[in-house]
Amino acid sequence: PSSIGKIQKLSVLDIVGCVCVYNQLQRFTWEHRNLDRINLSGCWSLRDLPSAFSCRTLRTLDLSRTNITSLPQWVTLIGTLECIKLEYCMMFVELPKGITNLRRLEVLNLNGCSKLRCMPSGFGHLTRLRWLGLFVVGCGGDDARLSELENLDMISGWLRICNLKYLKDSGEANKACLKKKNNIHSLTLNWSRETEEELVSDIEEDLRVLDSLEPPSGIEFLQIIGYLGPHLPCWMRNQCDSSC
């Protein structure tokens with residue numbers, strides 16, 4: 001009902017798994033914007049986030065399992081945001097550049113965002129991040145370098161790094177300092193090669209890159225996809241030798 005926007009003390013709005021709610025959300029208006037949490041997860045018809053949901057007190061925004069393709073620019077102006085969940089947003093392609101302004105952000109769950117093209121430059125400023133899930137290496141001049149992971153020492157859980165085919169400088173991989181990120185227990189390194197042209201690679205450079213992406217010693221799960229190097233990296237061979 002339209003009157004929901006008149007509730008003065010409303011701080012949590014959960015509209016979960018309502019697959020046909022998109023048109024109704026477009027008509028939402030608010031007289032009092034004191035929302036702390038908005039959860040629209042599972043609303044598959046949601047393709048964009050109406051400006052009516054802009055709220056300067058917002059701390060959690062959950063858009064998981066929707067068809068949203070990008071975040072509106074106004075999201076980057078909400079300095080109180082601590083958690084943004086975009087898990088399995090299969091149509092999501094782009095993070096706004098201004099997301100690097102959200103210095104309180106602790107969770108940016110990009111798990112399953114298979115069409116995400118890259119991370120915006122300056123991503124390394126999000127030093128409070130504890131959960132990321134996915135880092136996509138881009139090929140554009142304004143895309144974040146893998147080295148921007150250097151200062152994100154608090155990220156935990158599992159991390160998937162995709163499009164390593166674009167990484168031609170092993171120094172960038174070394175600066176990512178994956179070895180020091182002791183809270184990561186699961187790591188996937190994906191070169192994301194799909195076409196025959198992409199299979200033509202500098203295999204020696206692949207080896208140098210993988211050598212520089214040594215995971216923390218406590219890693220529990222390691223997956224390597226699309227790697228064309230001639231042999232295993234030094235750190236993997238050393239691990240195997242020490243376990244024999």
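Analyst: Let me begin with one pair of residues, keeping in mind that this is a predicted model: L61 has I84 as its bridge partner in β4.

User: Which strands pair there, and in what sense, parallel or antiparallel?

Analyst: Strand β3, residues 60-62, pairs with strand β4, residues 83-85, and the two run in the parallel sense over three bridges.

User: What sheet do they belong to, and in what order do the strands come?

Analyst: The sheet is an open one of five strands, ordered β1-β2-β3-β4-β5, with parallel pairing. At its edges are β1 (12-14) and β5 (107-109), each of which pairs on one side only, and from one strand to the next the twist averages 5°.

User: Switching to β8, what does β8 pair with?

Analyst: On one hand, β7 and β8 run parallel and are joined by five bridges, with I184 in β8 as the bridge partner of G157. Between those two strands the chain passes through helix α2 (residues 170-175), and this β-α-β crossover is right-handed. On the other hand, β8 pairs with strand β9 (residues 221-225), again in the parallel sense and over five bridges, and here S186 stands opposite F221.

User: How many residues of β8 are buried?

Analyst: Six of the seven residues of β8 are buried, so that the strand is mostly covered. T188, which lies in this strand, is buried, with a relative accessible area of 7%.

User: What does the T188 side chain make a polar contact with?

Analyst: The side chain of T188 makes a polar contact with the side chain of Q223, at 3.1 Å. Beyond its neighbours within four places in sequence, T188 is in contact with L159, R160, I161, F221, Q223 and I225.

User: And the largest nonpolar core, which residues touch the most other members?

Analyst: That core has 71 residues, and those that touch the most other members are L86, L95, L108, F123, L132, L146 and I161. Two or more residues of the core come from each of α1 (22-26), β6 (134-136), β7 (157-162), β8, α3 (203-212) and α4 (234-243). As a general point, nonpolar side chains in soluble globular proteins tend to be buried together.

User: Take L86, then: what does L86 touch?

Analyst: Not counting residues up to four places away in sequence, L86 touches L63, S64, L71, F92, L95, L108, N109, L110, N111 and C113; among them, L95 and L108 are also on the list of core residues that touch the most other members.

Notes. Residues are numbered from 1 along each chain as its sequence is written. This is a predicted model: local features need pLDDT of at least 70, side-chain atom pairs count only at pLDDT 80 or more; totals for chains, interfaces and linings use all residues. Side-chain values use heavy atoms; hydrogens and water are left out. Helices (H or I, at least four residues) and strands (E, at least two) are DSSP runs, numbered from the N terminus. Buried means under 20% relative accessible area, exposed over 50%, partly exposed in between (1.4 Å probe, protein chains only). A polar contact is a pair of N or O atoms within 3.5 Å; within protein, one must be able to donate a hydrogen and the other to accept it, and residues adjacent in sequence count only if both atoms are side-chain atoms. Contact means heavy atoms within 4.5 Å. A nonpolar core is a set of buried Ala, Val, Leu, Ile, Met, Phe, Trp, Tyr and Cys residues joined through side-chain atoms within 4.5 Å. Two strands pair if DSSP finds at least two bridges between them. Axes are lines fitted to C-alpha atoms, for helices over the stretch in contact, and angles run from 0 to 180 degrees between N-to-C directions. A crossover is right-handed if, with the strands pointing away from the viewer, the path from the first strand over the helix to the second runs clockwise.
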